[in-house]
Structure formats: structure tokens, C-alpha cells
Amino acid sequence: MQAVWDSEAGDFTPWLAKEENLELLGETIGIELELEAQGKSVGPFRADILCKETTTDHWVLIENQLARTDHTHLGQLLTYAAGLEAVTIVWVAERFTEEHRAALDWLNEITDERFNFFGLEVELWRIGDSPIAPKFNLISKPNDWTKLISGAAVRFQPHELTETKQLQLEFWTELRTFLEQRHSFIKAQKPAPQHWMSFAIGRAKFHLAAINNTQDKRIEVSLELVGPAAKAHFHLLHREKEAIEAEFGENLEWKENPNKKTSRIILRHFKVDPTDRAKWLEQHEWITHKLEQFHSIFAPRIKKLDAKEYFPSDEPA
């Protein structure tokens, strides 16, 4: 690697921060990343690359090395974790020592779901005169099951994990398995005992959601818009309502929610019972198909949205 880049800060970090390389890194660890900054100060250190996980808005901090791992970088990673309330730490190096791989495994075991530690070795491939292509090899990753159980224990006392919440957890766990077996481009987050699951769509402040409503006997899929520009983004998309619904082949429910932080574009499926396990496969097929539709239709539009192009005065009275 040092034969390709002269320096870590001046060459390797900018290369790794390129969109196509972050996309490949994100695919390796199962997180969709959006670059926030390079050389960002966290406590007394400067993090190489700071990203946001587009689904949750949680910080993802990337520390990279041109050589093998060392104690100095491990200490910096611990400082970063201490300085951020919810963070994923990604340590990229040419080679991991066994001691540092074991240290990341230990950190994943003793921390709760707010903190995740990944270790990746990077290889460089070139065929003939083609550009250099990276290959990331996963050396250490969080134990999803352990994190899920510990996270549930923090959020819910044992008597609060009701039969309904247990059912929700199993419903989303099976949906995640279904998506993986189908090789869908939709990537599920960790299942949790709640009535929704979120999915990335390629930009922070936007995400897809699937809803499991056991009371009203329905399931639904939606695009969720959050943040200060949510209302502007909602209206810009609403201007394309006719074209969007023509692509879907059915009508959607457009909810600006003026007095709430989140605007939503929804497709509901009524007269289904999420408590009926025998029907879960049909429900998971519907959710998956609609999530893929939402992603294919909305993702290209979302990437082009600019809140500055929205002027309320342009809306019809």
C-alpha cells in the first residue's frame, strides 16, 4: 500500500473518502454511509473520516492506517467512542495483529448496542492497466445477537417484553432472513421488539420504513423524511406526485404532518394479520417488493433534492 500512496493523511485518507470506496466499505460492513468530514476533531484527536449512517443518523468514524495496526490508533479509537454517544468505529489497516483483532472482539462483547467496532484489512487489486480496486476483508465485527439481547435488556425490563413485542422481534428477524435469502438490495438493520423497521435509501435524513400494526391488522411501507429540510423536500417530491404514482401503478398516501418533525409517503396493506405466523411469508414478500419499489423510484429523486429550490409562495393557494 505504501508503494501506491506516499502518506496516510495526504493520499490514503482522501482516496478512502471517495464515494465509490466508501460505498464498497459500507457494503462490506452492512451500513450505508454518507461522508460528513475528513480530519474531524474528536476530543484531542482528529478522526480520519467521519460519516453518518443514513438510516439512523448515528456517527460512523473511520480510522485508517497504511501499515499494520498499533497501540496508538487503538487508543484513539477508544477516545472517539468516549466522545460520541452512539458511534460505529471502523478501523482500516493493511494488516491486523492478533492482539488488536482480539481487542476489537472484546470491545464488541462488553459494550452495548450504542457502540460497534469493525476491523478491516484492505487489499489492492489491479488487472493489467486497470485502475486500482480495493478489497476489504472483515477481521472483526459486532456480534449482532449479543448486541440485540443486551440492547433489549437496557430498553425493556423483563416484564415489559410482552408477547406482542416478542412477536414483533420474531417478525422482523424472519423478514431480515427473507431479504438475505432473496439477495435483495434492501439491507435490514438489527431486528428489535418494536412495530417498525428502518432501511437506508442513500441519503441522510431520509429512510424507508416497514410497519407491522397488530392492532389495526395492517402492514405498510413508507418513505420517511426528517430534519429541518423535511417539509421542503416533501413538497418538492409532491410536485412529482402524478409521475411517481404512475411508476408505482397505485396511489400513495402523502402526509406532510405540518406540526410534526417527520413527513411520510405511505403505502398501506389492509386486512392482513401480522400475528398470524402462517401468513408471514406472504407479508414478507409484499413488504420486500414494496421496499424495492420505493427504493428504485425514490432514491434517484432524493439524491437530486435541494431544499433551496423550494419556495412556499410557489404552492397553489
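Begin by selecting E19, E20, E23 and E27, which gather in a patch of negative charge on the surface. Such a patch is made of residues with over 30% relative accessible area and no salt bridge, like charges being joined within 9 Å. Asp and Glu count as negative, and the charge of Glu is placed at CD. The model is predicted: local features need pLDDT of at least 70, side-chain atom pairs count only at pLDDT 80 or more, and totals for chains, interfaces and linings use all residues. Residues are numbered from 1 along each chain as its sequence is written, and side-chain values use heavy atoms, with hydrogens and water left out.

Helices are DSSP runs of H or I with at least four residues, strands are runs of E with at least two, and both are numbered from the N terminus. E23 has 48% relative accessibility and therefore counts as partly exposed; buried means under 20%, exposed over 50%, and partly exposed in between (1.4 Å probe, protein chains only).

Next, select strand 5 (residues 115-125). Eight of its eleven residues are buried, so the strand is largely enclosed by the rest of the structure.

Now turn to the salt bridges, of which the structure holds 16. Each is a side-chain nitrogen of Lys or Arg within 4 Å of a carboxyl oxygen of Asp or Glu. Select E292 and R182, whose side chains meet in one of them (3.2 Å, N to O). E292 lies in helix 9 (residues 280-304) and R182 in helix 6 (residues 163-182), so this pair ties together parts that are 110 residues apart in sequence. E292 is buried at 14% relative accessible area, whereas R182 is partly exposed at 40%.

Move along to R301 and E240, where the closest N and O atoms of the salt bridge are 2.8 Å apart. Because R301 lies in helix 9 and E240 in the loop between helix 7 (230-238) and helix 8 (241-248), the pair ties together parts 61 residues apart in sequence.

Finally, select D216, R218, E220, E224, E253, R264 and R268, which are linked in a network of salt bridges. Within this group, the side chains of R218 and E220 meet at 2.8 Å, N to O. R218 is buried, with 15% relative accessible area, and E220 is buried as well, with 2%.

Notes
Patch = residues over 30% accessible without salt bridge, like charges linked within 9 Å, V, L, I, M, F, W, Y side chains within 5 Å. Areas by Shrake-Rupley, 256 points an atom, 1.4 Å probe, with all protein chains shown as cover.
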